[in-house]
Amino acid sequence: MNNVNDIITQELRAFASSLLESGEVSAFLGFAHGSLPMTTRPFVAKTPEDAQKLVWNSFCVLNLANYLPALLKSIEPPRGPKDPPPEGPLPKAGVIATGCWSRNIVVQTQENQVDRSRLVIAGVSSRGMVDRKKVLKALDGKEITKIEEKDHDLIVEADGAIKELNRWSVTRDNCQSCVHSSAVVFDHWIGPKLDDRQAPNRFKQIEDIEKMTADERWAWFSKEIETCIRCYACRNACPLCYCETCFVDDSNPQWVGKSIEKADAAIFHLLRAFHCAGRCTDCGACESACPMGIRMRLLTKKLEKDVFELFGDEAGMDASKPLTMTTYKLEDPQGFIFEPKHGQKKE
Amino acid sequence: MSNSYIPYSAIIDDITVETEDASLKTFKLVIENEEERMAWRHNPGQFAMISVPGKGESPIGIASSPTEAGSVLFTIFKIGSVTTALHEMEKGERVGLRGPMGNGFPVDTAFKGKNIVIIGGGYAFTTLRATIAYLLANRQDYGHITVIYGSRSPGMLLYRSELEQWAKRGDISMNVTVDRQAPGWEGLVGFVPTITEKVAPSPENAVAMVCGPPIMIKFTMPPLEKIGWKDEQMYFSLENRMKCGLGVCGHCTCGPLYVCKDGPVLTRTQLKGLPVEF
Amino acid sequence: MKTIFLNEKELLALLASWCETFDVYAPNDGKGEDAACSVIGWGKIASKEEFYGVLPDKIAKGVHKTSIKPFFFPQPETLVTFTSDNKPCAPLANTVGQKRLILGVRPCDARSVMLNAMPYRDDPYYQANQNKTVLVGVGCNEKAITCFCEKTGGSPLGTDGLDILITTLGTGFALEALTNQGDELLGSQGAALDEALLAEFTKRRESFAADAQKANSTPSLKGKDLMSLYQSKIWQDLSQSCINCGACTFLCPTCYCFDIQDEAIRKDKGSSNACACGTGGCACDAPSVRRIRYWDSCMFPLFTKHASGHNPRGTKEHRVRNRFMHKLKYFPDRFGALSCVGCGRCIRECPVNIDIREVMTTLLAVD
């Protein structure tokens, strides 16, 4: 019997293929197989034949929204920098979107980065993506040579031995605490639609850190970022990071040092996180992209928690509402302005 | 092993404001240590790294000829953080100087005995000034010398007094032009490609150096080609982003070439075999 | 040069004895501290238990997460310091710190040190770092799925760049001295290989070398026309998924591009406060500015951007092409070898699974 991923893959290929065939879209963005176990490749199908390369599995960890602004631009008819945009509607692109990715598309429309009318969104329910670092850990760091995915289990081959893992036990932290797993905006549905999960301890990881003293928290943070190589995979995998020149790259003025020394790496991570406040959907792409296993997502998760608790907002849930950080209400809490110890452990 | 990353200490001996908008100034630098100062040698067309400690380094073409010993001239356009800091400095202050770097024009080899055509636009004229001064100091080694130099307006011309002195000499043909007619201007008017077409320097036993904005270079090629100029006779100077100046750091690469070391001077023949990464 | 045979106990004793004259480093999980630099993934070791972990039969298959590049090309490295009146500190003595010995180096990583030394042949900092470092390698009996050293001109038992290579042999280990320094370090330890072991050792080496020679794609790539590769249609498809991060370049042992920048010296920067010359007593006793070089990546848009705003490699297609062309064509044309040792770190960690082996295959198919 076909498992869920196979069903989604088949439906996705058929849908993308029909859109490309009919010319409704010029490109369809999804994932193709990677060259190693537990990898996938973001992939743009341009023809119905290409669409047969699309796949769906538990390793689709990057956020496809990240590619949309450039993809939409790339399918526009070529024109010079000073030429006016062509008349009539511009070509469309299709994309598959889970809950978080679709919420990022909403944020992108709120921030004028993509034009919703140029997208055909294939909504899907995410069953949680697998954290390959957790799989490696479960196999004691052995090299994984093959992995087969069933609905609830992963059959992992590592150094000749075969091990069965419960799939949910190795899904990413952000997926385990996710409460919006299904696309919130879509034009077509792919696969079974699942009810939103009731993550019982949505902010547990953050609450544990909040319980620490300031010194403990600093020690935790310093340890977490100590292996940062400043490759910016986290930033570049993030659909929120689209500034022409990022503050870390700016040299005139220079806001942050370029080395991997602690002060420089710390400023990079802290400022990057704050830029995501009220916009981050906890998609986990930053952590999945990090080659060093840094859990920088905990910084943005803390901001997600604050925005939720202080303002009752969740990013990307409603395109008609302004972004949290671009508006205010008279009744907004402002205690944190006057109480510097807000959020710290009560002595 | 010598350490090419340590700059010489140099003192700003003089500053000349070149243009009416003061965006270009010429700095006369004197290397502090006498031994290092005496050992300094460069070719016209080479460049050096000038640094303002705390701000960084910037690659700048050398504007003086090796025949003008004792100091080194740099005409600097105020554009980034280093050049802005330099523009704020005063006579007597200390800067760092690393170099000379790159290959420079082959004035002592391929150019010897040739007729020389120098075509420059805007502030790319700086290393051409170095070249002209060198050629004039060794006048007997070269045939006809033709200079075509254009700028936006009379007030934006570099080295005004020298241009006038050269124009009075009989052994160099000066064609200085401005883009549009301006009050008090009695020289040529028109873009560099147009003037090039009018002057039509013969390609016979000649070489040309063409330095200026990409658009000027692009439109200067057809009139030269029309009268028989060959790719191997035309020399350009590239201006890629540079950091080390030693052919290592990778910033200035144009395909396989390190512009800082293999260039910045390249013939059109060389350029045509390269990816267009400049 | 000698090759000796040691059992496990003898080998452990020999490794421990090196600690007396060297700072000994080996792969670890944290951030090792060094007088001159901090190296992620490699730490100073002292205890027997730690040595046990780097024995050739205990060390994990394939390469360690991070390469030994930072020992030679620290991130950052101080080039020059300046006093408050802009005087540079002139003498170079970047040889501070004890001599160091790195254990558990895979042949591919050792080869990268040799390859990088080619562009850095006139670089006093790289040379000084190399001169104070001894490399003790561990041969690979098994390949990881991302390993492809033999395609790049290396071999699982390659010796380039190493002072000593340790391989498992029979019931113990063969230690092969490859430089005078390596020979000295082996001293009068152990016995020479007996006839049977020597035959096995030689046979294995020869078979690996023959395989490697057959698989080496360097000659074919050097034979290709540069502009045909450059103008190939593959770059657009290949770069489509790239997110332009620097994970590949920073994990790569043979990526050596850098940027230079001045920094005001901050009091909280620890040992890097010191003057570049390291002699003390120089004009820079209280330097106020340091000029550092730090890793840069040709994947970043700013890498080539001019002050005017013009960018010669303004799209990610340009940049992806440049990275692979540099490794597989420009560098080999200039220095004779690929700027890739086949360690596979970029394949393992690329967030979008760009696989350099596929790039090589595609380029080899270009007419």
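## Chain C in outline

Chain C of this predicted model contains 14 helices and 11 strands. Of its 367 residues, 54% are buried, and among the contacts in chain C that join residues at least 6 apart in sequence, 80% link residues at least 24 apart.

## Where chain C touches chain B

The contact between these two chains draws on 38 residues from chain C and 30 residues from chain B. On the chain C side, the elements that contribute two or more residues are strand 4 (77-82), helix 5 (124-131), helix 9 (226-230), strand 10 (258-264) and helix 12 (316-335) of chain C. Strand 10 of chain C gives the most to this side, with 6 residues. Sorted by class, the side of chain C that touches chain B has 22 nonpolar, 6 polar and 10 charged residues.

## Where chain A touches chain C

Here the contact takes 31 residues from chain A and 34 residues from chain C. Strand 2 (40-45) and helix 9 (233-236) of chain A are the elements that give two or more residues to the chain A side of this contact, and the largest share, 5 residues, comes from strand 2 of chain A. The side of chain A that touches chain C is made up, by class, of 14 nonpolar, 11 polar and 6 charged residues.

## Domains of chain A

The domain assignment divides chain A into domain 1 (1-130 + 175-200), domain 2 (132-170) and domain 3 (202-347). The centres of domain 1 and domain 2 of chain A, taken over C-alpha atoms, are separated by 27 Å, and the contact between them takes 9 residues from domain 1 of chain A and 12 residues from domain 2 of chain A. By class, the side of domain 1 of chain A that touches domain 2 of chain A has 4 nonpolar, 5 polar and no charged residues.

## Strand 5 of chain A and its partners

Strand 5 of chain A (residues 119-123) is largely enclosed by the rest of the structure, because 4 of its 5 residues are buried. Strand 5 of chain A runs parallel to strand 4 of chain A (residues 93-97), to which 5 bridges join it; in this pairing A:Ala93 has A:Leu119 as its bridge partner in strand 5 of chain A. Together with helix 4 of chain A (residues 99-110), strand 4 and strand 5 of chain A make a right-handed β-α-β unit.

Strand 5 of chain A is also joined by 2 bridges to strand 9 of chain A (residues 188-189), and these two strands likewise run parallel. In strand 9 of chain A, the bridge partner of A:Ala122 is A:His188.

## The sheet of chain B

In chain B, 6 strands form an open sheet with the order 4-3-6-1-2-5 and antiparallel pairing. Strand 4 (56-61) and strand 5 (72-77) of chain B stand at the edges, where each has a single partner strand, so one side of each is left without a neighbour in the sheet. Neighbouring strands of this sheet are turned against each other by 40° on average, with direction ignored.

One of the pairings in chain B is that of strand 1 (residues 8-17) with strand 6 (residues 94-101), which run antiparallel and are joined by 4 bridges. Within strand 6 of chain B, B:Gly96 is the bridge partner of B:Ser9.

Terms used: Residues are numbered from 1 along each chain as its sequence is written. Chains are lettered from A and ligands numbered from 1 in the order in which they are written. This is a predicted model: local features need pLDDT of at least 70, side-chain atom pairs count only at pLDDT 80 or more; totals for chains, interfaces and linings use all residues. Two residues are in contact if their C-beta atoms, placed from the backbone, lie within 7 Å. Ala, Val, Leu, Ile, Met, Phe, Trp, Tyr, Cys and Pro count as nonpolar, Asp, Glu, Lys and Arg as charged, and the others, Gly among them, as polar. A residue is buried if 20 or more other C-beta atoms lie within 10 Å of its own, exposed if 12 or fewer, and partly exposed in between; C-beta atoms are placed from the backbone. Two strands pair if DSSP finds at least two bridges between them. A crossover is right-handed if, with the strands pointing away from the viewer, the path from the first strand over the helix to the second runs clockwise. Domain bounds come from an automatic or database domain assignment. Axes are lines fitted to C-alpha atoms, for helices over the stretch in contact, and angles run from 0 to 180 degrees between N-to-C directions.
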